[in-house]
Amino acid sequence: LQYGVHLGQQAEMVTDSLRALLLEAHGYTTKVFEFISSEHTNKNKMILAVKKAKVNVKEQEKVLAQIANIKAYYGIQDQCLESLLNESGR
C-alpha cells in the first residue's frame, strides 16, 4: 500500500464492505454493485438494502464478528453508519 492509488482503492473497498455488512447486521439484505461505468467515475458503487421481516440471530452474530475483525485489522475505531444505525436502533 505504499502507492497512494492503491491505498485509496483499498480504503474505498473496505468502507463499502463495512457499510454493506453493517446493514446486514441490522436486518437488511444487501447488494453492492456498480451503477456507472468506472470509465466515467471512480465513485460508482451503490449499496441496495432491503429490510428483512425477521433477523436471524446466528447470522447477525457472524456478521458482527466479521465487522469486528475488519475494524481491528484496519484499526478503525469509528464508522459513521455504524453510529447512525446503533442510534436508530435504540
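# Close-up views of a predicted model

In this predicted model, the cover over the buried residues of helix α1 includes strand β1 (28-34), strand β2 (45-51), helix α2 (57-74) and helix α3 (80-88).

**View 1. The whole chain has three helices and two strands.** If you follow the chain from its N terminus, the elements come in the order α-β-β-α-α. Along the principal axes, the C-alpha atoms fill a box of roughly 40 × 30 × 20 Å. The chain has 90 residues, and 20% of them count as buried. Now take the contacts between residues with a separation of 6 or more: 52% of these come from residues 24 or more positions apart.

**View 2. Helix α1 runs over residues 4-25.** This helix has 22 residues. From the first C-alpha to the last, helix α1 reaches 31 Å, which is close to the 32 Å expected at 1.5 Å a residue. Which residues of α1 are buried? They are Gln10, Val14, Asp16, Leu18, Ala20, Leu21, Leu22, Leu23 and Ala25. Just after the helix you will find glycine 27, with a positive phi of about 95°.

**View 3. Helix α1 meets helix α2 in a left-handed crossing.** Two packed helices are described by the angle between their axes and the distance between the axes. Here the axes of α1 and α2 come within 9 Å and cross at roughly 155°. The angle is over 145 degrees, so α1 and α2 count as roughly antiparallel to each other. On the α1 side, the contact is made by Gln10, Val14, Leu18, Leu21, Leu22, Glu24 and Ala25. On the α2 side, look for Gln60, Val63, Leu64, Gln66, Ile67, Ile70, Lys71 and Tyr74.

**View 4. Helix α1 meets helix α3 in a right-handed crossing.** How do α1 and α3 run, roughly parallel or roughly antiparallel? Their axes come within 9 Å and cross at roughly 15°. That angle is under 35 degrees, so α1 and α3 are roughly parallel to each other. Arg19, Leu22 and Leu23 of α1 make this contact with Leu81, Glu82 and Leu85 of α3.

**View 5. Arginine 19 and aspartate 16 form a salt bridge.** The model has three salt bridges, and this view shows one of them. The closest N and O atoms of the pair are 3.5 Å apart. An α-helix has 3.6 residues a turn, so residues three or four places apart point the same way. Arginine 19 and aspartate 16 are three residues apart in helix α1, which means that about one helical turn separates them. Arginine 19 is partly exposed, with a relative accessible area of 36%. Aspartate 16 is buried, at 16%.

**View 6. Glutamate 34 and lysine 45 form a salt bridge.** Their closest N and O atoms are 3.9 Å apart. The pair links distant parts of the chain, with glutamate 34 in strand β1 and lysine 45 in strand β2, eleven residues apart. Is glutamate 34 buried or partly exposed? Glutamate 34 counts as partly exposed, at 47% relative accessibility. Lysine 45 is partly exposed as well, with a relative accessible area of 42%.

**View 7. Lysine 71 and glutamate 82 meet in a salt bridge through their side chains.** The N to O distance is 2.6 Å. Lysine 71 lies in helix α2 and glutamate 82 in helix α3, so the pair ties together parts that are eleven residues apart in sequence. Why do both partners count as buried? Buried means under 20% relative accessible area. Lysine 71 has 15% relative accessibility, so lysine 71 counts as buried. Glutamate 82 is buried too, because its relative accessible area is 17%.

**View 8. Valine 57 sits in helix α2.** Valine 57 is partly exposed, with a relative accessible area of 49%. How far apart in space are valine 57 and glutamate 12? From C-alpha to C-alpha the distance is 28 Å, and in sequence the two are 45 residues apart.

Technical notes:
Residues numbered from 1 in each chain as written. Predicted model: local features only at pLDDT ≥ 70, side-chain atom pairs only at ≥ 80, totals over all residues. Heavy atoms only, no water. Helix = DSSP H or I, 4+ residues; strand = E, 2+ residues; numbered from the N terminus. Expected span 1.5 Å × (residues − 1). Buried < 20%, exposed > 50% of the residue type's maximum accessible area, 1.4 Å probe, protein only. Contact = heavy atoms within 4.5 Å. Salt bridge = Lys/Arg side-chain N within 4 Å of Asp/Glu carboxyl O. Axes fitted to C-alpha atoms, helices over the stretch in contact; angles between N-to-C directions. Parallel < 35°, antiparallel > 145°, perpendicular 65-115°, else oblique. Left-handed = near helix turned anticlockwise from the far one by under 90°.
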